[in-house]
Amino acid sequence: MAICDANYCFTIIDVGSFGKESDCYIFKKSAFGKKLYSGKNNFPQPQCLPGDEGGTPQPFVIIGDEAFALHTNLLRPFPGRTLNDKRRIFNYRLSRARQNIECTFGMLSNKWRVFHTALLVEPDFAVAITSACCVLHNFVRRRDGYNTEDAQNFEMEDAIEKIGVGNLNSKRSERLFCKLF
């Protein structure tokens, strides 16, 4: 489980939990989760959103998926399928924001290809490998910046043809690119 920033760098990672445990349970038991739910995190004070001077100050938040419990500093999508338009739009925009972490994991696994197959090592060594790769990922990101070639494991044109996206410059193709990697 991890939290990343807008530059696709990991800011917090929690490695070593079992896959059968729920994301919410793992998060609540993590050091960051305990701080968040006890109010001992060091988030900035709530501020008014840009363009809304004089409005209600909004808290800084992290974004999770449906598995997480709602909290003042943790947003999650509205549950259910029969949502009104405002809630559906909110869920869509929240999903777009969550793509950042998905792209970060994709870049990590394509840069360090050890993640393309199962790690056939002891669990403690797998934790060490994963943690080291996250640190190295951040180092490379800060050193090199965003390099499309780092995230590719095959030619982009071939991928576009396979998934049927016609315009390489469209926003849809950018989203698909992030989802692929």
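Guide: Start with a charged pair. Arginine 88 forms a salt bridge with aspartate 85, with the closest N and O atoms 2.5 Å apart. A salt bridge here is a side-chain nitrogen of Lys or Arg within 4 Å of a carboxyl oxygen of Asp or Glu. This is a predicted model: local features need pLDDT of at least 70, side-chain atom pairs count only at pLDDT 80 or more, and totals for chains, interfaces and linings use all residues. Residues are numbered from 1 along each chain as its sequence is written, and side-chain values use heavy atoms, with hydrogens and water left out.

Both partners sit in helix H3. Arginine 88 and aspartate 85 are 3 residues apart there, so about one helical turn separates them. Helices (H or I, at least four residues) and strands (E, at least two) are DSSP runs, numbered from the N terminus. Side chains of opposite charge can pair when their charged atoms come close. Aspartate 85 is exposed, at 52% relative accessible area. Arginine 88 is partly exposed, at 44%. The cut-offs are: buried under 20% relative accessible area, exposed over 50%, partly exposed in between (1.4 Å probe, protein chains only).

Now the helix itself. H3 covers residues 85–111, which is 27 residues. At 1.5 Å a residue it should span 39 Å, and its end C-alpha atoms are 39 Å apart, so the two agree. The expected span is 1.5 Å times one less than the number of residues. H3 also bends, by about 25° at arginine 98. That bend is the angle between axes fitted to the seven residues ending there and the seven starting there.

Asparagine 84 caps the N-terminal end of H3. One of its side-chain oxygens lies 3.3 Å from the backbone nitrogen of lysine 86. The cut-off for such a polar contact is a pair of N or O atoms within 3.5 Å; within protein, one must be able to donate a hydrogen and the other to accept it, and residues adjacent in sequence count only if both atoms are side-chain atoms.

Cysteine 134 is buried, at 5% relative accessibility. From alanine 2 it is 132 residues away in sequence, yet 9.6 Å away in space, C-alpha to C-alpha.

What about disulfides? The count is 0, taking a disulfide as a pair of cysteine sulfur atoms within 2.5 Å. Cysteine 4 is in none; its nearest cysteine sulfur, that of cysteine 9, is 8.6 Å away. Cysteine 4 is buried, at 17% relative accessible area. Cysteine 9 is buried too, at 3%.

The whole structure has 2 salt bridges. The chain holds 7 helices and 4 strands. Buried residues make up 30% of its 181 residues.
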